[in-house]
Amino acid sequence: MLTRQISLSAPIFLFIFLFQEAIVNQFKLPGGGFSLFVIFALVWAVISTPEIAALTGFGAGILMDMSGGASGPVGQWTLIMIIICYGVSFLGYGDENINGNPIGVVFFVVVASLFTAVLFLASSALLGVTTGSFGQTLLTLLGNSLWTLVLTPIVLPVFSFMHNFVFETRTVL
Amino acid sequence: MRYGGEGRTRLLLIILIVTALFLITLDLRGVAVLDGARQGTQTILSPFQRAGNYILTPVKNFVNDVTHLGRTRNQIEKLRADNAKLKADLINRKNADAQLKQLESILDLAGTAGYKVVNAKVISQGSSQSFSQTVTIDIGSNAGIKKNMTVLSQTGIAGVVKDVFPTTALVMLATDPSFKIGVRIAGTQQIGILSGRGSRSGSLQLLDNLTTVKVGDVLLARGSVANRPFVPGVPVGYVTAVDNSAGEIAQSGTVRYYTNFGGLGVLAVVVAASSTNPGDALVPPKPTPTPIPTVTVYVTPSPSPTE
């Protein structure tokens, strides 16, 4: 069962990652833009079990660490995504008001996205990676959260459908 | 309901976190494998990124224009302003270059004769409605300019100071119909009076009926008492036509001024002449004609074929 899920999930994650790197990253959007891949990973984690969410975070983090645009050491994003994905899944698992409700999922994804960025900043500071001025950082955090808030409701049905297809659950958001 | 948190999940989480920390440690210690993995991933991604860039360039431009609409407009306005400023600078530069060239020639001329000059820029052309040929220069009595001082161009006489104001002066050009200057012919030292005619040509009237003038003779300013209004030795022009009418007491002719009055930019006012007369030292050199190469072709008919 797990083998089937991983073998189906991996190409989807790879495709979204490729889409992020080849298409989304082409646009220089105001407010720092957004990461479709992070949104996808967070949505996937919110509506999965904590075990799957942790694995999702690990896989997504590894891919993000392999990206040419990653500024920190390999493993930084992996660590952050494991923690965040597991955290959102742990907090929302079994609560139908959260992972069964599109609004709840969107809220969790937006908050998780913000925490991801904050955690990245904090870990970067610990690892000695330069992240820019405070004002610019604040603007990016705000912009990124707004983009996530706008985009998540749009992509949520698609991602939910994919998740349903992989895990054969009956609930589609 | 919160997730129960079975031991397996916690173990998995710990393993994953430890793995991540392990990766971070390895990377910070400079293990080449991780760098290679990142480079390999980028190598795989780069064709897709290039393709994405190629396909999305028009969309990107559109999105960029939309998202930066105000900024783009401001940028266009700024670039337009910069372009206009650069064009103006270029024109000014060309103007300055031309004026510099004129000034160099004037200083050469004044230096050869030993004149003390004050340079001036032409700031206004006189109105032709008054039927006078004048220009306004940007120096006046504050710079020591006085009425009836000789004004030089880069090639010779330009005119005489007609009126002086504190910061400007009005110069009567040599082409003005009321302009008259005593001249002598370089070499023969024959004297005459040259009058302006409203164009670049002037009328020469010799004073001595026994002397003759010929086309090409160079005229120099004869000089005035106390060097005002004219200092001696300034090139004026050259004779282009001679009138040998029988009824004339003395010969007359037409003279072309050396000065190009249509392109006056920089002038010099002679505030003090040299203590000695420069004589013919300022006679401009005659232009040397450019040799035209000739080609001679000899054609030799080929022998007719014999049968």
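## The interface of chain B and chain A

Contact here means heavy atoms within 4.5 Å of each other. By that rule, 32 residues of chain B are in contact with 37 residues of chain A. This is a predicted model, in which local features need pLDDT of at least 70 and side-chain atom pairs count only at pLDDT 80 or more, while totals for chains, interfaces and linings use all residues. Residues are numbered from 1 along each chain as its sequence is written, chains are lettered from A and ligands numbered from 1 in the order in which they are written, and side-chain values use heavy atoms, with hydrogens and water left out.

Together, chain B and chain A bury about 3200 Å², of which 74% is on carbon and sulfur atoms. Buried area is the accessible area (1.4 Å probe) that two parts lose on being put together, summed over both.

One salt bridge is found across the interface of chain B and chain A; the term stands for a side-chain nitrogen of Lys or Arg within 4 Å of a carboxyl oxygen of Asp or Glu. Its partners are the side chains of B:Arg8 and A:Glu51, at 2.6 Å from N to O. Four residue pairs, both residues at pLDDT 80 or more, are in polar contact between chain B and chain A. A polar contact is a pair of N or O atoms within 3.5 Å; within protein, one must be able to donate a hydrogen and the other to accept it, and residues adjacent in sequence count only if both atoms are side-chain atoms.

On the side of chain B that touches chain A, the elements giving two or more residues are helix H1 (7–28) and helix H2 (32–67) of chain B. H2(B) gives the most, with 15 residues. Helices (H or I, at least four residues) and strands (E, at least two) are DSSP runs, numbered from the N terminus. The residues of this side divide into 18 nonpolar, nine polar and five charged. Ala, Val, Leu, Ile, Met, Phe, Trp, Tyr, Cys and Pro count as nonpolar, Asp, Glu, Lys and Arg as charged, and the others, Gly among them, as polar.

## Two local features of chain B

The peptide bond from B:Arg228 to B:Pro229 is cis, with omega near 10°. B:Pro229 lies in the loop between strand S9 (218–221) and strand S10 (235–243) of chain B.

B:Asn148 has a positive phi, near 65°, and is a residue other than glycine. The loop that holds B:Asn148 runs between strand S2 (134–137) and strand S3 (150–152) of chain B.
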